[in-house]
Amino acid sequence: MANSYKNTMNLPQTDFPMRGNLPQNEPKRLEAWNEMDIYHKVLEKNKDGKPFVLHDGPPYANGPIHIGHAFNKILKDFVVKSHAQRGYFTPYIPGWDCHGQPIEHMVETTLGTEKFRETPQPEIRRLCREWAEKYVGIQREGFKRLGVNGEWEHPYLTYVPNFEAGNVEIFKKMYLDGAIYRGRKPIHWCSHCHTALAEAEIEYGNETSPAIFVRFEMTTVPAGLEAWEGKLDVAIWTTTPWTLPADDAVILHPDAEYVAVEHDGRAYIMAQALVEKLMVKFGWDDAKVVEGWSATGTELCGNKYKQPIFADQGEEGVFIYADYVTMEDGTGVVHTAPGHGVDDYLAGMKFNVPVVMPVDDNGCFYEGEGMGFGGPFSGMEVNEANPVIIEWLRERGTLILHEDMDHSYPHCWRCHEPVIFRATSQWFVSMEDTGLRAAATKAIENDVKWIPAWASNRIGSMVADRPDWCISRQRSWGVPIPVFTCGKCGETVATEATFDAVIDLFYREGADAWFTKRPAEYLPADTCCAKCGAGVDDLEPEKDILDVWWESGVSHQSVLRHRADEGLTWPADMYLEGSDQHRGWFQSSLLTSVGAYGMPPYKSVMHCGFTVDENGEKMSKSKGNGVDPAEVMDKFGADVLRLWVSSVDYAHDVSISDNILKQVSDAYRKFRNSLRFVLGNLSDFDDSKAVTTWDELEPVDQYMMAKTYNLVKTIESAYDEYKYNVVYRECYDFVNELSSVYLDITKDRLYSEAPDSPRRRAAQTVLMNVLEVLVRVFAPILSFTCDEVWDHYPEAMRSAADRPASVQLAGWPSRDDFVPALPADDGAADYERFLVAMEARDAVTKALEDARTEKRVNKSQEACVKVTVPADKLETLQAMGAAVFEELFIVSGVEFAAGEEFACVVEPATGDKCPRCWNYRELGGNANHADVCERCGDALDAIGFEA
């Protein structure tokens, strides 16, 4: 008979599979989304909603996507979808950074260096464009596979005419305002890539450098040291021996005291604070300070010495001073080559020290004698010259000491080779001439919300300390500096009329036209040099191109403003990129926007950390610890990857590995199986069968309804604050309690009651509310799975004519959506009341576990429990009735008594086991079905079952 009773139970029925098979099924769902054009469908649905624009920072179009790309794009998708789900109008236009040295380098590698140099620039640019187009396509498919919605068929690309014209629009505004100038000053120079680099293109790594102490022979004698004339030196220290051919000054601290130290018949000027330390380092046991003499750096200013390399040609250097000289290392006297360092350059400018540059684009000394050439080191690469210079000094008796030191040194972020400082003629954005630094700092502090908040200090300090921005590059693949040079006198020609002509040219033909057309073909016929009057035929277009950070930085112009007809807004609501972009895209965007329009291009900025392995180590091919997102999706599916992103604190570096993903996959199964159970128990349900009043719900139902609405409010607040790990944790904890408490205790109601029983329909009503909430609030995270759940709703509900085709079109659950309607307090009083019952449940659960361990009971239905509760809570529990607690505790009987604390005694159940529901009840209460409990007998009558 038990087997036949099984067929009378309301067992779960659903075609929603237990196994997601995400790697196989997600691509099919992507095809369905593509066919329905889900991105534009969402925009159409929300067209009257408040705009929220996340402006995409462009990844570089070179190579397939890596796990950092995936982390970044999924986070952006969370931002966009969580707003779209709540009715915001959310146009999202992805973009790619397509210009720059890496692509040009790949083309050079493909052609070979010799052929590359022989190839005309327009052809080089065509090959670079094809390379970029290839990887835009590859990366686009990778991003789409992640489930990221966007305007994928019409992204923004930095090489298209419209975007290139935007560069000139911003350049025009800032140049005419006086913020852009051409100057000769030291900048980071990559000899390997043959180009200038901005600070944002520098990465720091450890290097071992030769540190040397050298004596420079004095040609003047400070007052008080006349007795040492002809025997007087200044002791200097440097970690770049190769810069000595360009030496033309030494720098002292203005307020430091300097003394002369006597050793081996000569006197050496050095900082008094370092004498004792240096005597030990040099091994000068017999050295002593010249008595009665000292002077400050200010007092010594103007003295002169023999240039260390070119003294035989009569060259001299001069003493100057600057505050940045420290007393921590060296001698307190710094060798200075203004052409090889920004600080030295600025210090030299104050004292009219000339800028000497003996190093060419390849990082080699010019061949020739005298200042500005390599002299005895002509033609040598600077780093190769270091040991030769040291030995040259040793042979001449001017080397005091050589030692190697490990220190942080700047490297090119593209080729990862060490860079040099080298004074060249470049284009710069001034941080001071038009007040750009002050205006940008004010915007950082007052006009932008930084997520996390402490990020404002990071970018603020970078803007405060940065030098003028070098925006010119000596490459082929990029947007040209849009100015002209007079072929007769060398004057720069750049006017509003010439800028407008270039803008028009770029809109029509793109930047390629700059390299194929003569200026006379597109500039106004009356264009001329203001200095010498030369005409348009004598003008030469600038050969340098713009820094790629400038290019991506002006996307606020070329995308947000140019594509305003697509719903984009300026400023954007948010920029989101990795934490390194505080010195990159966030900053270049800020400077170009504030420089051109006086406002930041964004209302908020959110940053994410880097992806590292499970040990917190940076990923690299050599370590073999990298994670390929394509492989992750082939093994686990995109939704598991998305769930991982939601689970971490994105503001810091985040760990990922196969082991971590396996743990996330377990959590995913928890979500999936719980949703499957809910769907299975709603197979015969639709809105017409829901209970209609709050009082028709039992106390545990009311508790769950209130808890579900609380979840909606908590998740919405978390989305508002961009706390996706809170969304994950709240949903996970909710589903965990849903599974372990509500679904567990209502199984008896759902399975055993008559199909239309008010008690069963009440539980189904709760489950329907739970389902409607979970699929909507978690759709921005588990986009594929929530949409799959949406497609497996009860047949009567999924076939409704007005039902949205996707959960992404279903909107956000509101208070008014709950059925039955929530009471005025949102169920808070009933929720709080039932928390007392949950306290009692904790005590009962522990007692039942002990009873199972002691083998006094097997299943909880075999038990009756006597529960002691604090006296002030007894009335609350008794008012709910024993049946509520028989269900909550899953036992066959409950008694309450007053006591000091919650406690429970487990006793064997009375009555007989019902063969249909397996509860211990009195059997025979229904005359038609004497062998089952009365409840089951009534259910059998309701379905017309005959034994």
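Guide: The strands involved are β4, residues 180-190, and β17, residues 420-429. They run antiparallel and are joined by 10 bridges. Strands count as paired if DSSP finds at least two bridges between them. Strands themselves are DSSP runs of E with at least two residues, helices are runs of H or I with at least four, and both are numbered from the N terminus.

A word on the ground rules. This is a predicted model, so local features need pLDDT of at least 70, side-chain atom pairs count only at pLDDT 80 or more, and totals for chains, interfaces and linings use all residues. Residues are numbered from 1 along each chain as its sequence is written, and side-chain values use heavy atoms, with hydrogens and water left out.

Now the other partner of β17. Two bridges join β17 to β19, and this pairing is antiparallel. Here V429 stands opposite W469 of β19.

The open sheet has four strands, in the order β5-β4-β17-β19, with antiparallel pairing. β5 (195-197) and β19 (469-470) are the edge strands; each has a single partner, so one side of each lacks a neighbour in the sheet. Strands of a sheet pair through backbone hydrogen bonds, either parallel or antiparallel.

How covered is β17? Mostly: eight of its 10 residues are buried. Buried means under 20% relative accessible area, exposed means over 50%, and partly exposed lies in between, with a 1.4 Å probe and protein chains only.

Step back to the whole chain for context. The protein chain holds 31 helices and 33 strands. Of its 947 residues, 58% are buried. Among contacts with a separation of 6 or more, 77% link residues 24 or more positions apart. A contact means heavy atoms within 4.5 Å. The C-alpha atoms fill a box of roughly 125 × 75 × 50 Å along the principal axes. The radius of gyration is 38 Å, whereas a compact globule of 947 residues would have one near 30 Å. That radius is taken over C-alpha atoms, and the globule rule is 2.2 Å times the number of residues to the power 0.38.
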